[in-house]
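Have a look at the picture before reading on.

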Amino acid sequence: MHAGCAKQIPLYGFESSFILALRNSSPRLAPDTACTSRAAPPSRVRSSAPTTHLPPPGPRSPPAHPPIPRRGDRDLHSLSCPHRGYPHRAATPLPRPFKNPNLSHELGPRRPPPHRTALGTDPGRAACRLISRAAMWRSAARRSSQIRRLLSSSASPTGPLATVPGPCIVQKRGNDILNDPWYNKDTAFPLTERDRLGLRGLLPPRVMSFEQQYERFINSYRSLEKNTRGEPDSIVALAKWRILNRLHDRNETLYFRVLIDNIKDFAPIIYTPTVGLVCENYSGLFRRPRGMYFTAKDKGEMMSMIYNWPQEKVDMIVVTDGSRILGLGDLGVQGIGIPIGKLDLYVAAAGINPQKILPVMLDVGTNNEKLLEDNLYLGLRQPRLEGEEYMAIVDEFMEAVHARWPKAVVQFEDFQMKWAFETLERYRNRFCMFNDDVQGTAGVALAGLLGAVRAQGRHLHDFPNQKIVVAGAGSAGIGVLSMAKQEMLRMKSGEGHNQFWVLDKDGLITKDRKDLDPAVARFARGHGPDEIPDLHEGASLVEVVRKVKPHVLLGLSGVGGIFNEEVLRAMKESDSPRPAIFAMSNPTTKAECTPDDVFKHVGENAIFASGSPFSNVSLGNGKTGYANQANNMYLFPGIGLGALLSGARHISDDMLQAAAECLASYITDDEIQKGILFPSVSSIRHITARVGAAVVRAAVAEDLAEGYRTVDPKDLASMSESQTVDYVARNMWYPVYSPLVNNK
């Protein structure tokens, strides 16, 4: 089936009982309902073991999908035409509740969602919850075990449903089709298509199957790996990016199928850490335009420029101004590599139709003198706009996007701190948008922090008592602190104590510091009996760690190696028997430390997580030190997909909190005890479907959902949790060739 016409993937997933415990700690979430998964074989759904080699050649069989609608179904034409709405079933009926034949009992009636207050908590309710939390937790854990056994063993209740892909209507013929990566099938065009599309003689005579093309590419990739052994890592990474990028430029259907089937191997190539190298060298690597560029010189023209984009429908936009690319700083127009990579992950992880994505660069200049002097640099050669001039450009862009695609979800990416917070507060209640650096990073970090509480053998309600030292007070650091503080307030009534010690390049931040940013000031240390003696303004990281003895050391500094041997040895004296170290800065060269350093200097009981991928560490005696990847890709695809499919007017804190809690629920107690905080990237579609469903349900609960296509808010509100997961999964695009028909 062609990239524009895709199969649906029904996916059922259990809401882990861990999230039930979270909900018992917070009245903002509804209780769980059981369902099961048909998204992938058990080994792919829950595997946490690292993948070191590519799978055998040949694509995996596509997941089961619902039958094509009958002729009487509404908007049937959207099945065959990628230019009219989703290339899925246009009018998917609401799924029926799934009953698994392996369950001999009903899971009980659902209770209505609990009442929410402004802060998501009520003192009286909180007191009652605290009394029974331990018993509820034990009950939830037992139920989680039952549910997960069912998830890993149950097969599809109905078996795969065979369907025939519908045709895609094209307006092109001959070389125009071969030069369009959306329609091009390379050597897989059958003879009948070659005749009717004017391709006879324009291709080699052999007709290859999709499986043969897939195997051919994987073999080429393996040959590249073999031929580049011994080369520097940067050379190898860019060579791998080039071969994937060439496939992307030529054949999008095959590209996204390869990416989906090998996401664990290829995500580090199209995303962190390789995307950092790509951005640094983008002007030299540029071959084919992708996305749109709005510049300071386009002021007053953006409302008309937006119509230059050829696609009538756009669902997902990722925009950057290139001012703070990962931990690499101002890369100007070369930062376009970030939106491109993020949107590839939206397609692979969330099943967003690739014809409905738009990467955007807002080029307002650069203050990077090296780029301004580079003859190859492709952006504006001028200093960055500031103040009202800058905001006028962003305002005009957002108004233009909303005018043409009012339902599109806009993700802001890699804006420097002052503009990250300014744009978030300016637009979050006007448009459906979020900032991944502030909110996505915060959600992933919160999921990891909740997992760390469990790994340290403490009850979930002890999270408000965790002592957390944070290195980095930028947009990501403050975003994490804000969401963690909000979660603590949900669990514990009242303001409580400040459990954070925040450092920037000038050391510990206290209220003695002048001209504190308001976003940072609420986490500054003060004076009084709750403070640690002799811990003064500007104290060094190692001094803070020694005196605080934190349960968690969280790095969002963008400074590689800042968690040195002295700091890590100080963490060994933590008040927790299993201290947690999060080195979350990207790319790999900017990580605060490596897992080898942590397990060597802190000990084998340490818990480690990083933003970029690292290999697990062998501790001897058959033990493994797990290098968890606390990467935003676990959350932002589900946040975007859930917001889109709910038709949310805007993305609220509760929707983001629901996404983080859903991710936190994914890991079993057995995995947590091993030090595993995050699931395998290979199960990203399954994770995204569940996170997306949690976002949909949160949007409905807050009355922010306006519905999507033929599914209105009442339909969404009537869905159970399993039905919501099924609804999300059925709207995930999947790449398969379909017949092409010219309508001329």
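Predicted model: local features only at pLDDT ≥ 70, side-chain atom pairs only at ≥ 80, totals over all residues.

The protein chain is built with 29 helices and 16 strands. Of its 744 residues, 61% are buried. Among contacts with a separation of 6 or more, 76% are between residues 24 or more positions apart.

Now step inside. The largest nonpolar core holds 175 residues, and Ile317 and Phe397 are those with the most contacts inside it. Helix 18, residues 436–455, gives this core its largest share, 11 residues. Apart from this core lies another one of 28 residues, including Val469, Leu503, Leu568 and Phe599.

Let's zoom in on Ile317. Setting aside neighbours within four places in sequence, its contacts include Phe397, Leu358, Val360 and Trp405. Gln411 is also one of the residues that Ile317 touches.

For a last stop, find Ser652, which sits in the loop between helix 24 (636–646) and helix 25 (653–664). Is this residue buried or exposed? Ser652 counts as buried because its relative accessibility is 8%, and buried means under 20%. Which residues does Ser652 touch, not counting those up to four places away in sequence? They are Arg428, Glu702 and Leu704.

Conventions
Residues numbered from 1 in each chain as written. Heavy atoms only, no water. Helix = DSSP H or I, 4+ residues; strand = E, 2+ residues; numbered from the N terminus. Buried < 20%, exposed > 50% of the residue type's maximum accessible area, 1.4 Å probe, protein only. Contact = heavy atoms within 4.5 Å. Core = buried A, V, L, I, M, F, W, Y, C linked by side-chain atoms within 4.5 Å.
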